[in-house]
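Colleague: I am new to this one. Please show me how to read the fold, feature by feature.

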Amino acid sequence: MEVLLVDDQAFAIQVFAASVRKTFSGAKVHTAVDLPEALQIASGHALDLVLLDLALPTCSGIDALHRFRHAFPEVPVLVVSVSEDKEQIQACLDAGARGYITKASALKALPAAMKAVMSGSRYGPEHHA
């Protein structure tokens with residue numbers, strides 16, 4: 001299993017990587033701090049899951065999700081964001097994200113969210129309200 005974590009905050013990457021490794025034993029974790037790096041990594045690996053922050057330095061907001069989904073439509077994306085805006089959450093799900101969790105709930109909700117997304121289900125705020 002290969003997972004790509006896309007976040008420009010080192011602490012978030014460390015926390016998410018630890019959660020991925022604990023949830024999926026033996027998972028190989030790749031990291032990127034911006035969208036160009038994420039796209040480059042994705043082009044060279046058969047990714048099973050992407051955790052994508054929307055607040056990236058070179059491309060932020062839903063545009064980052066659109067660009068990643070356009071380049072790699074088959075890779076499931078779980079958005080992990082500080083935003084709790086319902087319109088943004090719905091826009092991400094409508095744009096092809098398989099799930100959305102807030103960073104405030106990530107420690108508790110991340111394992112369940114990743115498993116749901118990996119099984120083909122959708123995961124949103126109603127799952128961890």
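Modeller: Start with one pair. Leu 5 has Leu 51, in strand 3, as its bridge partner. A strand here is a DSSP run of E, at least two residues, and a helix is a run of H or I, at least four, each numbered from the N terminus. This is a predicted model: local features need pLDDT of at least 70, side-chain atom pairs pLDDT 80 or more, while totals for chains, interfaces and linings use all residues. Residues are numbered from 1 along each chain as its sequence is written, and side-chain values use heavy atoms, without hydrogens and water.

Colleague: How many bridges join strand 1 to strand 3?

Modeller: In general, strands of a sheet pair through backbone hydrogen bonds, parallel or antiparallel. Two strands count as paired if DSSP finds at least two bridges between them. Here strand 1 (residues 2-6) and strand 3 (residues 49-52) run parallel, joined by four bridges.

Colleague: In what order do the five strands lie?

Modeller: The order is 2-1-3-4-5, in an open sheet with parallel pairing. Strand 2 (28-32) and strand 5 (99-102) are the edges, each pairing on one side only.

Colleague: Which strands does helix 1 lie across?

Modeller: Contact means heavy atoms within 4.5 Å. Helix 1 (residues 10-23) lies across strands 1, 2, 3 and 4 (77-81), at about 160° to strand 1. Angles run from 0 to 180 degrees between N-to-C directions, with axes fitted to C-alpha atoms, for helices over the stretch in contact. Helix 2 (residues 35-43) lies across strand 1 and strand 2, at about 145° to strand 2.

Colleague: What do the buried residues of helix 5 pack against?

Modeller: Buried means under 20% relative accessible area (1.4 Å probe, protein chains only). In helix 5 (residues 106-118), the buried residues include Leu 110 and Met 114. The buried residues of helix 5 pack against helix 1, strand 3, strand 4 and strand 5.

How values were computed
Buried means under 20% relative accessible area, exposed over 50%, partly exposed in between (1.4 Å probe, protein chains only).
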